[in-house]
Amino acid sequence: MKAAVTNAEHGFDVVELPDPVPGADELVVRVAACGVCGSDIKAQPFTPPGMVMGHELGGEVVAVGSAVRDWREGMNAAVLPVISCGACSYCMAGGVSHCAQVQYIGMGPAGGFAEFAVVPARHAFVVPAELPGIFAALVEPFAVGLHGVHSAEVKPGDDVLIVGAGGVGLTTLTWALEKNAVRVTVVDPDRERRESARAMGASDVVAAVSDVAPGSYDVAIECVGRPELVQACQQALRAQGRLVISGACAEPTTIEPITALLKELTIRYSVAYRPEEFVEVITAFCEGRVDPTSMIGATFGLDQIADAFDAVRGAQVRGRVLVTAAEQP
């Protein structure tokens, strides 16, 4: 198969690798598409040579392990890109990303920037045939947004502030609206991204957190990963507000203790997703309550993966940038 593997210069080489064979409890998926995530951009400089990245993947099942039931070749699958033990207390409760043995597909085990990928059958979810195959690759980013909204305990009537209108921010917006928040404001300095948020239903859009009235939101969800934005969100919250940090940040993050104390703020982090959230996303796609079409951005061939990463790094395109091994026109 053809695959994009990392090299010593932290770029990519497109090479031929042996076609994968599933283990007893695994599936092999022909990758319909694999999204380029902001976390891929942040991880790329640290990846060792020979890695196949890509965790936002889905596609057609082409091989089924000997111990796998309920799957057959030709079915479409969305992939929760976590390999976990399946038996610990975290796995049994659905918190698979907290398993002590966790590995992330595309961050060690081979990921979706290839023609085929091996995935755990228990972390694959059926995408009905009536949905476009490319939707399978969009389940993962929508599950990230859903988990952030669940972490924030968004409820009907809430006023919600979302900081960042990239992939995480826009899927978070979708779910805040789906959970019947009464007002959802999206913050982003980029005009085109603000327009994307407006087109997806944001009540209002602003360029900076400082543009919103202090103490006017029940919930703030930071989707960028910048420490100064976390502190700014505290000012925007009402008393007993909830601040959720979904953006990955490698820098120290300052929490203003007096504001947090006097307002009795709840501050928590949100990472990854739970299996039932994948099911909820697919159900919403099927029922038409959530249409992921507006999240589909530019599609690049595997040979153009460096261009795809540059497009995400430079915020040059709207929507989710996708990479596919299929021939591009």
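Ten of the twelve residues in helix 4 are buried, so the rest of the structure largely encloses this helix. Buried here means under 20% relative accessible area, exposed means over 50%, and partly exposed is in between, with a 1.4 Å probe and protein chains only. Helices are DSSP runs of H or I with at least four residues, strands are runs of E with at least two, and both are numbered from the N terminus.

Before going on, a word on the source. This is a predicted model, in which local features need pLDDT of at least 70 and side-chain atom pairs count only at pLDDT 80 or more, while totals for chains, interfaces and linings use all residues. Residues are numbered from 1 along each chain as its sequence is written, and side-chain values use heavy atoms, with hydrogens and water left out.

Back to helix 4. Its buried residues are Gly-167, Val-168, Gly-169, Leu-170, Thr-171, Thr-172, Leu-173, Thr-174, Trp-175 and Ala-176. The helix covers residues 167–178, and at 1.5 Å a residue its twelve residues should span 16 Å; the end C-alpha atoms are 17 Å apart, which agrees. The expected span is 1.5 Å times one less than the number of residues.

Thr-174 sits in helix 4 and is buried, at 13% relative accessible area. What does Thr-174 touch, not counting residues up to four places away in sequence? The list is Phe-142, Met-200 and Val-290, where a contact means heavy atoms within 4.5 Å. After the helix comes Asn-180, with a positive phi near 70°.

Two other residues have positive phi without being glycine. Glu-153, at about 55°, is in the loop between helix 3 (139–151) and strand 10 (159–163). Ala-272, at about 60°, is in the loop between strand 15 (266–269) and helix 8 (275–287). Glu-153 is exposed, with a relative accessible area of 51%, whereas Ala-272 counts as buried at 13%.

Now the whole protein. The model has nine helices and 17 strands. Of its 329 residues, 53% count as buried. A compact globule with 329 residues would have a radius of gyration near 20 Å, and the protein has 20 Å, which agrees. That radius is taken over C-alpha atoms, and the globule rule is 2.2 Å times the number of residues to the power 0.38. The C-alpha trace spans about 60 × 40 × 35 Å along its principal axes. Among contacts between residues at least 6 apart in sequence, 66% join residues at least 24 apart.

Next, charged pairs. A salt bridge is a side-chain nitrogen of Lys or Arg within 4 Å of a carboxyl oxygen of Asp or Glu. How many salt bridges does this rule give? The count is 16.

One of them joins Asp-303 and Lys-2, at 3.8 Å from N to O. Asp-303 lies in the loop between strand 16 (296–301) and helix 9 (305–313), and Lys-2 in strand 1 (residues 2–6), so this pair ties together parts 301 residues apart in sequence. Asp-303 is exposed at 57% relative accessible area, while Lys-2 counts as buried at 18%.

Another pairs Glu-56 with Arg-320, whose closest N and O atoms are 2.5 Å apart. Here too distant parts of the chain are linked: Glu-56 is in strand 4 (residues 56–64) and Arg-320 in strand 17 (residues 320–324), 264 residues apart. Glu-56 counts as buried at 1% relative accessibility, and Arg-320 counts as buried at 8%.

Arg-289 and Glu-287 also form a salt bridge, with 2.7 Å between the closest N and O atoms. Arg-289 is partly exposed at 37%, and Glu-287 is exposed at 53%. There is also a network of salt bridges linking Asp-159, Arg-183, Asp-218 and Arg-238.

Last, the aromatic rings. Searching the whole structure gives six aromatic pairs. Tyr-273 and Phe-278 form an edge-to-face pair, 5.2 Å centre to centre with 85° between the planes. Rings of Phe, Tyr and Trp (its six-membered ring) pair if their centres lie within 6.5 Å; planes under 30 degrees apart count as stacked, over 60 as edge-to-face and the rest as tilted. Both Tyr-273 and Phe-278 are buried. Elsewhere, ring pairs link Phe-12, Phe-113 and Phe-309 into a cluster.
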